[in-house]
Each structure stands twice: as C-alpha cells, then as structure tokens.
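My entries follow in the order in which I looked.

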Amino acid sequence: MNRSGKTADTMEGSGLTISASSIKVNEATLDEDTLVFSITSQKLSNGMGVCVCRTYEDFEWLQQSLFAPDEPDLHGVIFPPLPAKLIMSPQSQINNKTLKQLGFLALGDCCRTYCEALELYLQQVALHPILSKNKALETLLTNTESPGKQRAKKGIFNRLSQVMEEKRKESHKDVDDFFQNERDNNSNMTALTKVTTERFLDVVLAEQRLSVASKHLSSSIQLWVNQEDSANAAFSKICLKTSKVFETIKRNFEKTAENNISTLGLGLDLQSRYQEAEKEMLFRRTCKLVELEAANKNTERAKANKKGIMEEVRNVLEKQFDGMSSMARQEVGRFHQSRVALLRTALVSWCEQQLNTATEIAALYSEHLEACQKLPEE
Amino acid sequence: MTAMKTRAAVIRPNGGRGSHDRPGASRLGPASHRREKMAAERDPPPPGDAGQARFGEAEDGEDLFVGAVGALESNPSSPEPASLPAEDISANSNGPKLVDSFLDDDPDDLFAEATEEVSLDSPEREPILSDGPSPAITPIMAPRIDSTLFDQALEEEEDNGDTFDICISVSDPEKVGDGMNAYMAYKVTTKTSLSVFSQNELSVRRRFSDFLGLHSKLASKYMHSGYIVPPAPEKSIVGMTKVKVGKEDSSSTEFVEKRRSALERYLMRTVKHPVMLKDPNVLQFLESSELPRAVSTQALSGAGILRMVNKAADAVNKMTIKMNESDAWFEEKQQQFENLDAQFRKLHASVESLVCHRKELSLNTASFAKSAAMLGNSEDHTALSRALSQLAEMEEKMEQLHMDQAYADFYLFAELLGDYVRLLTAVKGVFDQRMKTWSKWQDAQLMLQRKREAEAKLQYANKPDKLQQAKDEIKEEIVEWEGKVQQGERDFEQISKTIRKELGRFEKERVKDFKSVIIKYLESLVQTQQQLIKYWEAFLPEAKAIA
C-alpha cells in the first residue's frame, strides 16, 4: 500500500537521516508475553539498511517524546495516532476485548495488520515537517539500544476530551469561522467514520464465518465420501465435486475478507484514528481559547493594581493561542490533503485486489461447472 | 386368496373406530360387512387393551380395515390388536422443529388432516399415512399392484423414444378467503406430449390439502407393494397462520415460496415414477378442474390416539418380528440407507447454517452501505464524496447478490437434502412393508401347521358322530391356509422384486437429482461472480478519480 501522497521522502533540513518510505515494520514475534517488532529502514545518504527490534513501550516513548509542552506551537499539531496496545492471548487467538478495542488491527495473520498500522504511524511521523525533526524518531529507528527504558512523561495524550468537566469546553463557540466549521465537520465525520468502520468490520467478520462454514461443509462431504462404501460410484463422484466447490467458496470468502482487512479496513481504521487526533488538537485549541477568554475577562475586571499582571498573563496566552492557531491552520490543510490521499489509495487497492480475487474465483467456478457437466450419470 | 383382488377396497387409513365424527361418513356398501366377517374369522380378538378398537363409540358397519388386502394386517401371534387400520405413512416431514400438527390449511375442518410428521431431528420415525381421501371418490382398485405393471410402464417409457416429456410447474399462489378460513391456492400447470394426458397443456388450481390427499391415496395404494412413494411437503402451522392472518412480511412470502417450490418438486418426483404417472389419481389431480376435497373428519382425540396406538403397535411389531434375511442384498441396502440418512441430516444442518450466515452477510453489507452513504453525504471533498456514494450503491447491489445467493443455497441444496431425508423415510417404510409381508407369510405357515396338527388330532377323537363334520371343516381350513401360504410367499417375492427395482430407480434418480442441483448451483455462482466483477470494474475508475 502506498503511503501518503507526498512525493518527497525527506523534508529539507529535517534532521532525519532515514528515508521515510523505506520504513518497514516487518513482523512481530512473541517473546514471553511481549510482542517484539522488527523495524527496518534505509539511510538516505548511502541506502544502508538499519534493523532494530522494538516493543510497544518504545513506540509509546516516541509518541510522548514528540510532544514538548514548552513549545506552545506544537499544541497545534495533529499528532499521528498511535494504535492501542495489542495484547496477545497465549493461544494467539483474538478475543472479543481485543477486537472491540482494536477493530481491524486485531485481524489478519500474525499481527500483519497491526504491523502495517505501526508502519504507517512511523511513516506519518517521518513525513511530518516538524515532527520528523524530533531526535526521538531517529533514536527509535536507529539506536541499538531500546529507548523505551526511559520513563516517558505521561498524561498529555490522556484523552482530555473524556474528562467530564472538560467536555463542556468542547462545545464552546469559536471566534474563528474556519475553526468552528472544522470542529463541526470533524465532530460529524468522526462519528460517521467510526460507525462505517464498525459496520465494515461486521461485514468482514460475517465473511470469515462463511469461510469457516464452507470449509466445514467441504470437509464433511469429503470425509463422508472417503468413508462410504462407494455403492453408488456416480453419486460419490458428484459428492467429491461438491466438496471441491465448497472449498472454492471458502477460498472466495477467505480472500475477500483478507482483501477487505488489508486495504479498506486498514484505511478506514486509520481515517478514524486520524480524525480523533484532529479532534484532540482542535480541543486543545478550544481549551486555550477558553483560557484566553477567561484571562480577558479577568483583565477587564481587574482592579488597577492587578491590571498589569493580568494583562501580561493575557498577552502570553494570546501569543500562545495565535501561534497555535496558525500551526493548526496549516495542520488542518495538510490533514485533509493527506487523508483524502490515504483513502484514495485504500479504495483503489481495495477495488483492484477484490477485482483480482473475483476474476480468479470466477475462473475456478467455471472450471467446476465444466467438470460437473461432464459427470457421468451412471 | 384371489378373491381379495376383485374386491374394491376403500382405503381409509384412519378409518379406525375413532372416525365416528364424520357425518355421512362412508357407510361403505356391502363389501365392508363381508370383509369384517372374514377378518374376524381370520384373526383372533386382541388379547389385551391394545385393541383400542373399543373407542367409546364403536360403529357397526363402519369400515375398520384398511389395506384390506391384508398386507398390513396384524400378526396373530403378536399382541397387536387385530382391528388396527393400516399405518399412516406420512408425506409430511418437518423442518428442524418437531411440530405435531393437526391443522390443515383449512381450519373449518380443524383436524382434517391429522397427521404426524417426520422430524429431521429425530433419528428414526415410523412413517405415517396422512389421512385418507374423501370417500366420495370412487373406490380405488385393489392395492396389490403387480410388478408387471411396473415393467410395463418402464418398457413404454423406453419405447417412446423421447421418453419422459412432462414438465409441471406450480405457480401463482393466491390467498382465497379471509381470516382463519383462508387458504392458499396454487396454479398447477402441466406441459407434456405424453399420450396419457388429454391435452398438451393443462392448468388447474389446487390447494395444499389436495396435494396431501393425492399423496395419501398413492401411499395407501402402492406403498405396501414396495413402491417408494415420494413424500408430500410438510405442513406448518406457524407458516400458514401467518399467511392466513394476512401478515404481509418477508417471512410469510418466503414461506409461500418455499411451499410452492416444494409442491412443484413433489409433483415432478411423483410423475417421474413410471407407475404413478399412470395412476388415475395423479391424472385426475393434474387434469380435473374440480377435485373433491380431501376431507377427513377425525376428532383430534380419536385420530391422535389411534395413531399413537399404531405407532406403538408397530414398534412392538418391529421388535418381535425377527426376520431371517435370506438375502444379504437387502440387509446391505438397509444399512447403507441408514448411513445415508444420517449423512443427509448432517449436511442439511450444515447447509442451513450456511444459509443463515449468508443472510447475515447480506444484512451487514446493507448496514455498511447505509453508513458509507451517510459518510459520502457529509464529505466535503467532491471526488471523495462521489466515490463514497458510488461505494454505497455498489455495496447495496452486493447485498442483493448475497441474498440471492443465499436463496440459491437454500432452494437448491437445503431443500434437496430435506427432500432426500424424507424420501429415505419412505424407503425405510418400504423395507418395513417387506418385513411385514414376510411376517404374514410366516404366520400363514404357522397357522397351516396348526391346522394340520389339529387334523392329525382329529384322527384320535372319540366322538365319531361329530368326527366327519369336524374333519371336513378342518380339511377346508387346511386348503384355505395352504392357499394363504402360497399367496404369502408370492407376495413376499413380489415385494422383494419390486423393491429391488425401486431402489435401482432411486439410485439413478438420486444421481440425476444431485447432479442437476450442483450444476444449477454452479451456474448461479458463476453468474454472481460475473456480476461482482462488473461492479468492481465500474467502481475502479471512480476510486482512481479521487484527486
């Protein structure tokens, strides 16, 4: 799957020595209870390959490191969303809790989908004009030692919007139409995308069930023919053929589900999480706005002696807010470009893969039909 | 007992003494009295209470003996009551639920067709005859069918060159009447070039009970000679009630469609049988514009208890009859069919599960399509919005495809397997008939032996004046029983021969049926795939157009 629409792999003076498009999260292995991801990438200068092994904690460390609270402008950045942690049960079965939490990322063979999501995350960070300059990314990708040992500061990405008292602020009216629109759209789209993703997941799960049921049917017919005294040889032949037909049906569902997961499923999932990330950013800005407006009021109400201090405070906040807003504006523009490109890629590869599978299966069905027409009746 | 053949016997399987409820019930002419007397002479009165013949209101001339030819008569050495009517061989078998339905389509005769059904769940059920035809129909010819009839029919079939040319379709279900008295009438169209029909194209209207009536006539006529009579479709109280009360939802239309399809298959199977094709009942069913209602007015209690007694007696019978199978072929076949039955039931369950999953997929696809449409509507980016709307449309079309495919799964495979499970019950029934025939033959032999012993004893009797009379009587009886023994043996050989032929036919038909279904199924799969490919090909440019 092609990554974002940006053609340039690197940003000018980005500081990242790694080519963004070369970042690959290859596989995940289970080391006792922990999933270990193998990440490869290539140096820009000489194309030399780098390979590291990281755990989820390392990714978390990266995410935390990207956010620097003392850089107010950074609050206007839409941070690429990191998928939630994948807990593997001992039999590496997907349990319902994981499915609820991770959706599509929980499906696919051997965490393949999850690895892809992590890969996308790293690439998004590497492509970000500001974030890619953060040394933490370089460290994660190239350091021999795992950086996650350092306890990262927690809390910034604790969903502010989930704290009840903060929720009121979410609907606070904006001073800027652009942002008010954006907030409204985002709110609407986030909900719709989430629902669409869930429903698509239901489709995929139904396909998987059908695949299992078809396989079961195919095997039981096969078994029966093997055991049965072929008193009626012609009938046995028909049964064998039928078994093969159901095998093909199973293959159809299996492949269709796989295609769904790896293209549109992943795409919708990313879309959904990215929209949440935008929501977070917009909320941060709104909170700042509330702060600013409060400071304004305080300044107005302040008595002469306090007025100065209040003004100072207000000015600082205003500067922060403006800086944040201007960053946010850029980010929003970038976000929309990027998400459309992402969805386009997802839809195109979804369609192409499904078309391939459908053609393959159609050929198989036709073969079966021909063979069945030739079946003897005696 | 060639005399038996000439006697017209009306088959009323439930004609047991419980049938007093029927007004103007058949006071069958003189025949019944004679038969009754004969039967009374032949078979000793039932030993215990098993003779539920004493049902409160025992009727006099009422016909009690069904299948009067005797193939189904009780074994004197068993505790089975003598006056038990023939078994009910059910056409009806159930879907996955066991429903003991006494309802007909037409509930003014609430217990009209009190039949029991064969459940697909239970491993073994006795086949039961559905209620007999109205006595208003002219008495059917003696039920013992010569297997020469079969041979004849087969020969004719082969002679005719383009042999089997008949196509029956059941269509246009129409609700007649209102409320709980309503019923469904179907149009039965026959297209044929066979000479046995009066026209090349015939069309009549029939209701469900007519089909059941036809089946019960055929079953009572042919089954005990070893013919495998195709079972009629099952009844369903729930389904019919929904239709009656006018519930116009998808489940009641599905039900009507399912039934229509089942009735069609039933008729086709029936006419494929060379002997049944020529049966006047079948011809009348397909040709006459008016068919006398298949009515039987058994009280629920009467018929129901009688049936239970039948079943109980049969079960006992089965246990006590230990047949010395001289022919390994039959034993093999029986085992084979047991296995087949188990397999078919299992597969049927699996296919039904598949159908369920497919319907689920269809629903989920519809849901997804709706939310994709909403997403597309809210999307600002024009090209993306368009693509999403196209996606939603495409998914809607796919939902329909999935649904259609689910119907194919169902109507082709699930129903086929269900039909065969019911057919196998009929096959089992036929084996049971053979066993009964054998049993009757053995009993006749036993009786003959007793008579001979009695004769021998008479030699040493002390009362010379009565001696001659007794000797004469005994001699008469011996002749009678010798005849019966011969008849019994002939019957047994005949039924065995017929069964062999029938099974041969059954095997051939089985292959044809399954082959035709798998081909139809594949054709539907191919078609679905082609459609799918078209949809994807149409969507691709839309997706690529997103800038």
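How many bridges join S1(B) to strand S2 (residues 183-192) of chain B? I counted nine, and the two strands run antiparallel. Before going on I noted that this is a predicted model, in which local features need pLDDT of at least 70 and side-chain atom pairs count only at pLDDT 80 or more, while totals for chains, interfaces and linings use all residues. Residues are numbered from 1 along each chain as its sequence is written, chains are lettered from A and ligands numbered from 1 in the order in which they are written, and side-chain values use heavy atoms, with hydrogens and water left out.

**Entry 1: chain B overall**

I found twelve helices and three strands in chain B. Helices (H or I, at least four residues) and strands (E, at least two) are DSSP runs, numbered from the N terminus. Of the 547 residues in chain B, 57% are buried (under 20% relative accessible area, with a 1.4 Å probe and protein chains only). I also looked at the contacts in chain B with a separation of 6 or more: 80% of them are between residues 24 or more positions apart. Contact means heavy atoms within 4.5 Å.

**Entry 2: the sheet of chain B**

The three strands of chain B form an open sheet in the order S1-S2-S3, with antiparallel pairing. Two strands pair if DSSP finds at least two bridges between them. Strand S1 (166-176) and strand S3 (201-207) of chain B are the edges, since each pairs on one side only. From one strand to the next, the twist averages 20°. I picked out one bridge: B:Ile166 has B:Thr192 in S2(B) as its partner. Helix H6 (residues 250-272) of chain B packs on this sheet, where it touches S1 and S2 of chain B, and its direction makes about 150° with that of S1(B). Axes are lines fitted to C-alpha atoms, for helices over the stretch in contact, and angles run from 0 to 180 degrees between N-to-C directions.

**Entry 3: the sheet of chain A**

Chain A also holds an open sheet of three strands, ordered S1-S2-S3 with antiparallel pairing. Strand S1 (residues 24-31) is joined to strand S2 (residues 34-42) of chain A by seven bridges. I noted A:Leu35 in S2(A) as the bridge partner of A:Leu30. The two strands form a hairpin with two residues between them, and A:Glu32 in the turn has a positive phi of about 60°. S2(A) and S3(A) are joined by seven bridges. Here A:Val36 stands opposite A:Thr55 in S3(A). Helix H1 (residues 56-66) of chain A lies across S2 and S3 of chain A, at about 100° to S3(A).

**Entry 4: a helix pair between the chains**

I then looked at helix H6 (residues 177-227) of chain A and helix H10 (residues 328-378) of chain B, whose axes come within 8 Å and cross at roughly 165°. That makes H6(A) roughly antiparallel to H10(B), a term for angles over 145 degrees. The residues of their contact divide into 21 nonpolar, 14 polar and seven charged. Ala, Val, Leu, Ile, Met, Phe, Trp, Tyr, Cys and Pro count as nonpolar, Asp, Glu, Lys and Arg as charged, and the others, Gly among them, as polar.

Conventions: Parallel < 35°, antiparallel > 145°, perpendicular 65-115°, else oblique. Buried < 20%, exposed > 50% of the residue type's maximum accessible area, 1.4 Å probe, protein only.
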